[in-house]
Amino acid sequence: MLGRSVEGRPIALTRVGDPGAERRVLVVGAVHGNEPAGRAVVRALRRGPAPAGAELWLIRDLNPDGASAGTRQNARGVDLNRNFPHRWRAQGRPFSASYSGRRPLSEPESRLAARLIRRLKPDVTIWYHQALALVDTSSGADPSVARRYARLSGLPARPVGLGFLPGIATRWQNRTQAGTSAFVVELPGGPLSAASARRHARAVRAVAAPG
């Protein structure tokens, strides 16, 4: 277990693959409570092996309180993807669309993610969102990695500017953790079919493989 949410719900962390592997890949299935489709990809990844030479670290849901309430924000009304330190700025009020919290990493959920990333130093991190149906290439990630994922998953790769929003996780990681490549996958709206989840899981394994 990675830790607990504001309301004490467990935030699960699963490792798949060889602990001594050459590459480490972190996958976050959901960070907004009303964008749960990526959890199906994590479920598919749990059921299969990691590619040789890679270790997968899987967070099914970083915001279980929001998922329980059906809200984008966590239990204190904070958008966790505006709560990271890089270019953070105060914005909004609790439960408004992009409330940043009172300070960077004010929330236990974002602190847990930041602590894990600093310790793990993943080569690649994939954050799932909804519902633009694309892979965003604007957050500073290695564009070849994001484009390869897009090609394999069947989504278009586009620099739509999500990476320039204040306090977001991918921009913080790419700007402060050397050697990493973090990017956002915007899944389509609604539940993800089993076939689509398997296709995205295959794309994760492909970008996780060394070389």
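## Two crossing helices

In this predicted model, the axes of helix H4 (residues 143–153) and helix H6 (residues 194–208) come within 8 Å and cross at roughly 150°, where axes are lines fitted to C-alpha atoms, for helices over the stretch in contact, and angles run from 0 to 180 degrees between N-to-C directions. Helices (H or I, at least four residues) and strands (E, at least two) are DSSP runs, numbered from the N terminus.

The contact (heavy atoms within 4.5 Å) is made by Val145, Arg148, Tyr149, Leu152 and Ser153 on the H4 side, and by Arg199, His200, Ala203, Val204, Ala206 and Val207 on the H6 side.

## The largest nonpolar core

A nonpolar core is a set of buried Ala, Val, Leu, Ile, Met, Phe, Trp, Tyr and Cys residues joined through side-chain atoms within 4.5 Å, buried meaning under 20% relative accessible area with a 1.4 Å probe, protein chains only. The largest one has 33 residues, and those with the most contacts inside it include Tyr149, Phe183 and Val204; H6 supplies the largest share, six residues.

Leaving aside neighbours within four places in sequence, Phe183 is in contact with residues including Val145, Ala146 and Tyr149.

## Gln177 in its loop

Gln177 is found in the loop between helix H5 (169–176) and strand S8 (181–188), and is buried, with a relative accessible area of 12%. Beyond its neighbours within four places in sequence, Gln177 is in contact with Ile117, Arg118, Lys121 and Trp172.

## Basis of the values

Residues are numbered from 1 along each chain as its sequence is written, and side-chain values use heavy atoms, with hydrogens and water left out. Local features need pLDDT of at least 70 and side-chain atom pairs count only at pLDDT 80 or more, whereas totals for chains, interfaces and linings use all residues.

How values were computed
Buried means under 20% relative accessible area, exposed over 50%, partly exposed in between (1.4 Å probe, protein chains only).
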